[in-house]
Amino acid sequence: MNPLLLYRVISYEKKISGFRLIVYVLLGYAVARVSSPWFIIINLLGISGALAVGDLLNDFYDWKLLGENNYVSGRINNHTKLIFYVLFPSLLSVLSVFCLGRYGIIMVFIYIIPIIYSVPPIRLKKRPFFSIITPPLGVALLFLQSTKGRFLENKEILLLSILIFFYHIYIECIHIYEDLTYPEEEKIMDERGIKRLMVYVCICEFVLSSIFSIKNPVFLAGTLSSGIRLTTIRKLSFENIGKVRRNPFGMFWGIFELGVYGLAGILGVFTGGV
């Protein structure tokens with residue numbers, strides 16, 4: 001069994017690697033200018049463990065409950081095997097919490113959220129409202145966890161986490177849109193509802209980033225990105241959604257916004273100079 005596919009470190013067919021979310025960890029390091037090698041490594045290992053557990057459980061229960069054909073289906077066919085393969089990445093997360101001390105508190109929630117998102121009876125991904133906001137909430141926590149607690153003393157970092165939350169709701173809508181093309185996937189919203197939500201989210205981010213830019217002009221990157229994305233939503237279709245979701249550098253994602261924030265962080269824009 002290939003662990004890179006089992007834990008979805010790399011993408012497998014329609015299942016996209018959950019480890020793409022590591023970009024938010026790196027963004028947290030950059031924005032808060034985290035320089036401790038100990039924290040950087042332990043935090044990354046802990047988050048990697050949580051992502052591995054989340055992706056494995058998601059694939060297992062998508063197969064068990066929906067009959068989805070993925071890498072886990074048929075390879076892990078009972079809960080005893082599942083627990084065995086969940087154990088190692090779980091230990092990474094647990095140990096990182098103890099090693100990081102007070103800087104690892106958010107890690108607990110990062111570990112728990114993917115579990116309640118995928119595992120019955122809670123399984124938030126089948127509940128319309130929670131299925132949309134849970135992944136973005138987890139992403140915002142990934143970012144905050146990786147700032148080594150500096151969001152507590154730097155409100156601009158906290159403001160950025162709010163924009164990241166709204167940005168990732170938009171990204172999650174792309175995911176839900178693609179799920180409409182697969183018969184076995186749970187249908188949370190119809191095409192019209194998804195596009196309407198994407199418009200609302202872009203408008204919210206546009207307004208918020210414009211307001212936040214009064215405090216720091218770097219937030220205008222969010223204004224520009226959300227404005228561009230707002231004009232692309234009508235171009236989404238069942239024919240191109242798969243390609244759109246697998247191309248984060250396309251105009252539909254507006255990922256340059258995160259790049260601007262990361263570069264600004266490295267230059268000390270969020271922390272008061274180089």
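I take a salt bridge to be a side-chain nitrogen of Lys or Arg within 4 Å of a carboxyl oxygen of Asp or Glu. The model I have open is a predicted one.

**Entry 1: the K15 pairs**

I looked up K15 and D59 first. Their side chains meet in a salt bridge, with N to O at 3.5 Å, which is inside the 4 Å cut-off. I then checked where the two partners sit. K15 is in the loop between α1 (3-6) and α2 (22-32), whereas D59 belongs to helix α3 (residues 37-66), and 44 residues separate them. I noted that this pair links distant parts of the chain.

Are K15 and D59 buried or exposed? K15 has 9% relative accessibility and so counts as buried. D59 has 2% and therefore also counts as buried.

K15 has another partner to record. It forms a salt bridge with D62, where the closest N and O atoms are 2.9 Å apart. K15 lies in the loop between α1 and α2 and D62 in helix α3, so this pair ties together parts 47 residues apart in sequence. I find D62 at 0% relative accessibility, so D62 counts as buried.

Which residue in the loop between α5 and α6 pairs with D62? I found R123, whose closest N and O atoms to D62 are 2.9 Å apart in a salt bridge. R123 lies in the loop between α5 (105-118) and α6 (128-145) and D62 in helix α3, so the pair ties together parts that are 61 residues apart in sequence. At 2% relative accessibility, R123 counts as buried.

R8, K15, D55, D59, D62, E68, R123 and K125 are linked in a network of salt bridges. For the whole structure, my search gave 12 salt bridges. I keep the general point beside this: side chains of opposite charge can pair when their charged atoms come close.

I also compared where the charges lie over the chain. The mean position of the 27 positive charges and that of the 18 negative charges are 4 Å apart.

**Entry 2: backbone checks**

R33 is another non-glycine residue with a positive phi, near 50 degrees. R33 is found in the loop between α2 and α3. R33 counts as partly exposed because its relative accessibility is 31%, and the range for that label runs between 20% and 50%.

Which residues does a cis peptide bond join? They are P120 and P121, with omega at about 10 degrees. P121 has its place in the loop between α5 and α6, and R123 is found in the loop between α5 and α6 as well.

**Entry 3: two loop residues**

I picked N216 in the loop between α8 (191-212) and α9 (220-232). N216 has a relative accessible area of 7%, so I list N216 as buried. What does N216 touch, not counting residues up to four places away in sequence? The contacts are E156, V269 and F270.

I then picked G74, found in the loop between α3 and α4 (79-100). G74 is exposed, with a relative accessible area of 53%. I took the separation of G74 from I41: the C-alpha atoms are 34 Å apart, and the residues are 33 apart along the chain.

**Entry 4: the whole chain**

How does the radius of gyration fit what a compact globule would have? With 274 residues, such a globule would be near 19 Å, and the chain has 19 Å, which agrees. Along the principal axes, I read spans of about 55 × 45 × 30 Å for the C-alpha trace.

Of the 274 residues, 53% count as buried. The chain exposes about 12,600 Å², of which carbon and sulfur atoms supply 71%. I looked at sequence separation too: among contacts between residues at least 6 apart, 70% join residues at least 24 apart.

Methods:
Residues are numbered from 1 along each chain as its sequence is written. This is a predicted model: local features need pLDDT of at least 70, side-chain atom pairs count only at pLDDT 80 or more; totals for chains, interfaces and linings use all residues. Side-chain values use heavy atoms; hydrogens and water are left out. The radius of gyration is taken over C-alpha atoms; the globule rule is 2.2 Å times the number of residues to the power 0.38. Buried means under 20% relative accessible area, exposed over 50%, partly exposed in between (1.4 Å probe, protein chains only). Contact means heavy atoms within 4.5 Å. Accessible areas come from the Shrake-Rupley method with a 1.4 Å probe; for residues, only the protein chains shown count as cover. Lys and Arg count as positive and Asp and Glu as negative; His and the chain ends are not counted. The place of a charge is taken as NZ of Lys, CZ of Arg, CG of Asp or CD of Glu. Helices (H or I, at least four residues) and strands (E, at least two) are DSSP runs, numbered from the N terminus.
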